[in-house]
Amino acid sequence: MSATTTNNWWASAKLAANAAAAKTRVAAGTAKLRAEVALIDREINGRKKQFGVEMYDHMSPLISSVDFYTGPMYDDEEMTELVRPLLIATHKEAAALEAKVSQLKQDVSAAEVGRTSAFGAGADTVGDKFKKAGKTVTSAGVEGKLKTELLLMQNKQTAIKQEMGLELFGQFATLEDRDNWLPKDRVVRSIYDSCRQDIEAIELKRRQKQQELAERGFNG
């Protein structure tokens, strides 16, 4: 192989390697952008879920009033039409778990008392101390299990409220965009406005990432 041929071969190999490296960098950059868009989507859903918890905690006390089922909520007919059926359904699910949560809280308190008293006075011998130590470990295990069950149950309650937010925010936003509607109640308005502003800021980040993807020849 002549020197010229060898040089040409190395030049071609170098060009191919550089092209492959560039292609890899582009693919890695695109994958990174897509991952960032997915994270932004999760952030948007998370904010809507937070909106659901805030709205439920503010409005659920109304359910105990007889007027809740007969008149408009906060003198707002449009909001009542949207919110009341969803709030009733959400409250029904959350209330079904409340009895279990209350019982678990009582069980946890009793377990804490049992654990602290398990290693009390009266352990005169080494054997007695070992027995009481064993009871303490057992009590701590029971207490830990109950606390885990309580946390899981409370998380279920929160998830129910969050699901309400995913649906309700979309309905509120549609009414505002279509009919220029806004809630009459100041607290509801504040909760909604705060959520919408946050989501608009997050969606701006998403559009910027989508633009970067579009410039690379991808949509998403």
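**Entry 1. Order of elements**

I read the elements along the sequence and noted the pattern α-α-α-α. I counted 4 helices and 0 strands in the protein; both are DSSP runs numbered from the N terminus, a helix (H or I) needing at least four residues and a strand (E) at least two. The model is predicted, so I kept local features only at pLDDT of at least 70 and side-chain atom pairs only at pLDDT 80 or more, while totals for chains, interfaces and linings use all residues. Residues are numbered from 1 along each chain as its sequence is written, and side-chain values use heavy atoms, with hydrogens and water left out.

**Entry 2. Burial, surface and contacts**

I noted that 28% of the 220 residues of the protein count as buried. Here buried means under 20% relative accessible area, exposed means over 50%, and partly exposed lies in between (1.4 Å probe, protein chains only). For the accessible surface of the protein I recorded about 14000 Å², of which 55% belongs to carbon and sulfur atoms; the areas come from the Shrake-Rupley method with a 1.4 Å probe, and for residues only the protein chains shown count as cover. I then looked up contacts (heavy atoms within 4.5 Å). Among those between residues at least 6 apart in sequence, 71% join residues at least 24 apart.

**Entry 3. Salt bridges**

I applied the rule of a side-chain nitrogen of Lys or Arg within 4 Å of a carboxyl oxygen of Asp or Glu. By this rule I have 13 salt bridges.

I looked up arginine 47, whose side chain meets that of aspartate 198 in a salt bridge (2.8 Å, N to O). Because arginine 47 lies in helix H1 and aspartate 198 in helix H4 (residues 186-215), this pair ties together parts that are 151 residues apart in sequence. Arginine 47 is buried at 8% relative accessibility, and aspartate 198 is partly exposed at 33%.

I next recorded the salt bridge of arginine 196 with glutamate 176, whose closest N and O atoms are 3.0 Å apart. Arginine 196 is in helix H4 and glutamate 176 in helix H3, so the pair ties together parts that are 20 residues apart in sequence.

Within helix H4 I found aspartate 193 and arginine 189, 4 residues apart, about one turn of the helix. Their side chains meet in a salt bridge (2.6 Å, N to O). Aspartate 193 is partly exposed at 22% relative accessibility, and arginine 189 is partly exposed with a relative accessible area of 32%. I also noted one network, in which salt bridges that share partners join Glu176, Asp177, Arg196 and Glu200.

**Entry 4. Single residues**

I located aspartate 75 in the loop between helix H1 (3-59) and helix H2 (77-118). Aspartate 75 is exposed, with a relative accessible area of 62%.

Threonine 80 is in helix H2 and is buried, with a relative accessible area of 4%. Leaving aside residues up to four places away in sequence, I listed Gly71, Pro72, Met73 and Pro85 as touched by threonine 80.

I placed valine 142 in helix H3 (residues 126-179), where valine 142 counts as partly exposed at 44% relative accessibility. I recorded 9.9 Å between the C-alpha atoms of valine 142 and glycine 114, which are 28 residues apart along the chain.
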